[in-house]
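Here is a short briefing for a first look.

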Amino acid sequence: MEEREMTEEKKQDKRELSIYPLSELGGGVFKAYFTTYISMLMTSVYQFPVVVAGILETIQSAIQWFGSPIMGTVYDRFSFKKGKFWPWFLIAGAGTGILYIIVFGMPVIFEDPSKLVIPAAIFIALAAFMSSALSTLGLTIYMYVAKTEKTRSFLAMVVKICRDGMKIVVGWVFPVMLTYFITFMPEMNAWAMIAVILAAVAIVIFVIASVLTKNSEIEREAQTKTLQRKKKTPILKTFKGILTNRALLVTFLAMTCSKVFFFFIYDQLKYQFIK
């Protein structure tokens, strides 16, 4: 009887250890295709000017930077009636996938995608916020499972494989799929089709992570801590902390300058070679 209970506990531990790598694997799909190729989508498919594409890219990065501490406060303060973390995998995972599908699919629906700057900016910002929510959720789960040095080393190795491995896989699969799809459909349709396929893969991964989280010790421990916690960090205080953090603002400024430099130099050279 005791051996059976120990076996069940080991299985439970293995399931819980797989939640964080799964979140990074699903997030890796979003980052490897949507975040990486969105700049090319804006200039090649939407036909936005380089300056506009650079601004939208900067907005996306800013939302991701500021969204993480905000969502950390939300996870700390808020719980659903039936759970604390597992519903967020469904909400943020499906939300991110659907929003990116809309971004990559709008050029198919509208005749002149170059006029869709404002709608594109809105959906890109929402997708970036949802993506930051997923990243923060994964790190929150990590804090609950990485309690020993051995576990931390294991998770670091597995997550590195999941994250970088997905970049390699998508990096190889994307040009093959694009080359195949454009043989029987317009290029913008091919981009949208690939977005649907990869978003579906990522959503399935987050559904699995949600199922594993639902009945886990992580969920029970988080619910207990939420009930015991009396003092909560005000959301306005979180905003103030972000806006007064000089190191964070300087880092964001440097990142913005690098984005602008990339768009002006790289894209201008690309246009010159195309001409």
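Of the 275 residues in the chain, 43% are buried. The model is predicted. The chain has 10 helices and zero strands.

**Whole chain**
- Read along the sequence, the pattern is α-α-α-α-α-α-α-α-α-α.
- The chain exposes about 15500 Å². Carbon and sulfur atoms supply 69% of that area.
- Take the contacts between residues at least 6 apart in sequence: 83% of them join residues at least 24 apart.

**How α6 and α7 cross**
- Helix α6 covers residues 149–181, and helix α7 covers residues 187–214.
- Their axes come within 9 Å. They cross at roughly 135°.
- Angles over 145 degrees would count as roughly antiparallel, and 65 to 115 as roughly perpendicular. The angle here is roughly 135°, so α6 and α7 are oblique to each other.
- The crossing of α6 past α7 is right-handed.

**What meets between α6 and α7**
- Which residues of α6 meet α7? They are V170, F174, M177, L178 and F181.
- On the α7 side, the residues are A190, W191, M193, I194, I197 and L198.
- By class, this contact of α6 with α7 has 11 nonpolar residues. It has no polar and no charged residues.

Technical notes. Residues numbered from 1 in each chain as written. Predicted model: local features only at pLDDT ≥ 70, side-chain atom pairs only at ≥ 80, totals over all residues. Heavy atoms only, no water. Axes fitted to C-alpha atoms, helices over the stretch in contact; angles between N-to-C directions. Helix = DSSP H or I, 4+ residues; strand = E, 2+ residues; numbered from the N terminus. Parallel < 35°, antiparallel > 145°, perpendicular 65-115°, else oblique. Left-handed = near helix turned anticlockwise from the far one by under 90°. Contact = heavy atoms within 4.5 Å. Nonpolar A, V, L, I, M, F, W, Y, C, P; charged D, E, K, R; others polar. Buried < 20%, exposed > 50% of the residue type's maximum accessible area, 1.4 Å probe, protein only. Areas by Shrake-Rupley, 256 points an atom, 1.4 Å probe, with all protein chains shown as cover.
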